[in-house]
Amino acid sequence: MPTSTSVQHTVLVGATLILTLGACGQQRASHSVAGAGVGYSASPSAPGASPYVEPGAGDGAPHYNENNAYRRTGEMSPAHERDAEREAARIEPVLKRLWEQGKWDPATVRAALLELGYEEGDDALTVREMFQRFKNDEYYTPEGAMVGLRVHPDACVTAFVQKSNYGVQTNGPYLETGCFEPPYGH
């Protein structure tokens with residue numbers, strides 16, 4: 001039985017419409033952008049993704065390493081790292097005792113650490129209040145103390161004690177802030 005031309009035309013238009021709508025939003029190009037070189041693609045893997053991924057970049061953002069350099073510590077020599085770990089082992093029980101006693105103000109922490117024989121100064125022991133934080137539309141300084149001990153030019157002990165907890169770690173110095181991790185960039 002012959003089929004009318006208008007039915008065939010309607011089926012053809014309907015099929016074309018379905019195929020066209022089904023392809024909406026799909027990128028088909030997979031060729032490289034002219035002159036862009038290796039690593040640049042006309043269709044990045046995610047919307048808004050950078051066409052360039054810096055080697056070793058945490059989130060893949062351009063200039064990630066450059067923009068976050070202030071948060072990286074310098075490298076410690078193995079011998080200086082061992083020295084820093086030895087000093088951290090001396091500091092940790094003092095901070096634990098102070099934390100258990102509910103004493104975490106900078107003056108008390110400083111006095112307890114000076115009893116271990118450390119000297120105060122930029123190239124030795126620094127005890128300070130915690131960095132300011134932003135909460136409820138204002139800045140405040142939480143209770144507690146931060147400790148930085150420069151063991152060698154390339155080795156630090158960084159510690160803190162506050163109401164909720166305490167901690168001690170070893171690290172190389174930060175480029176701009178010495179033993180203390182910077183709270184933010186510039």
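The structure is a predicted model in which local features need pLDDT of at least 70, side-chain atom pairs count only at pLDDT 80 or more, and totals for chains, interfaces and linings use all residues. Residues are numbered from 1 along each chain as its sequence is written, and side-chain values use heavy atoms, with hydrogens and water left out.

Confidence comes first. The pLDDT (the predictor's confidence in each residue, from 0 to 100) averages 76 over the chain, and 58% of the residues score at least 70. Two stretches deserve a careful eye. Over residues 9-13 the pLDDT stays under 50, and the model has 0 contacts there beyond four places in sequence, a contact being heavy atoms within 4.5 Å. Residues 15-21 also have a pLDDT under 50, again with 0 contacts beyond four places in sequence.

The overall fold can be read next. The chain contains 4 helices and 6 strands; these are DSSP runs numbered from the N terminus, with helices (H or I) of at least four residues and strands (E) of at least two. Along the sequence they follow the pattern α-α-α-α-β-β-β-β-β-β. Of the contacts with a separation of 6 or more, 44% are between residues 24 or more positions apart. Of the 186 residues in the chain, 25% are buried, where buried means under 20% relative accessible area, exposed means over 50%, and partly exposed lies in between (1.4 Å probe, protein chains only).

Side chains of opposite charge can pair when their charged atoms come close. A salt bridge here is a side-chain nitrogen of Lys or Arg within 4 Å of a carboxyl oxygen of Asp or Glu, and the count by this rule is 3. In one of them, arginine 86 meets aspartate 83 with an N to O distance of 2.3 Å. Arginine 86 and aspartate 83 are about one helical turn apart because they sit 3 residues from each other in helix H3 (residues 78-101). Arginine 86 is partly exposed, at 49% relative accessibility.

Helix H3 holds another such pair, arginine 90 and glutamate 87, which lie 3 residues apart, about one turn of the helix. Their closest N and O atoms are 3.1 Å apart. An α-helix has 3.6 residues a turn, so residues three or four places apart point the same way. Arginine 90 is partly exposed, with a relative accessible area of 34%, whereas glutamate 87 is buried, at 16%. Beyond its neighbours within four places in sequence, glutamate 87 is in contact with Tyr118, Leu149, Val151 and Val157.

A further salt bridge brings together arginine 110 and glutamate 120, at 2.8 Å from N to O. Arginine 110 belongs to helix H4 (residues 106-114) and glutamate 120 to the loop between H4 and strand S1 (125-129), so the pair ties together parts that are 10 residues apart in sequence. Both partners are partly exposed, arginine 110 at 23% relative accessibility and glutamate 120 at 46%.

Helix H4 also has a buried side. Its buried residues are Val109, Ala112 and Leu113. Seen down the axis of H4, these residues fall within an arc of 95°, so they line one face of the helix; the arc is that of the directions from the helix axis to the C-beta atoms. The buried residues of H4 pack against H3, S1, strand S4 (145-152) and strand S5 (155-161).

The passage ends with a covalent link. The structure holds 1 disulfide, defined as a pair of cysteine sulfur atoms within 2.5 Å. Cysteine 156 is joined to cysteine 179, with an S to S distance of 2.2 Å. This pair links distant parts of the chain, 23 residues apart: cysteine 156 is in strand S5, and cysteine 179 is in the segment after strand S6 (166-171). The link of cysteine 156 and cysteine 179 is left-handed, with -75° about the S-S bond. Cysteine 156 is buried, with a relative accessible area of 0%, and cysteine 179 is buried at 6%.
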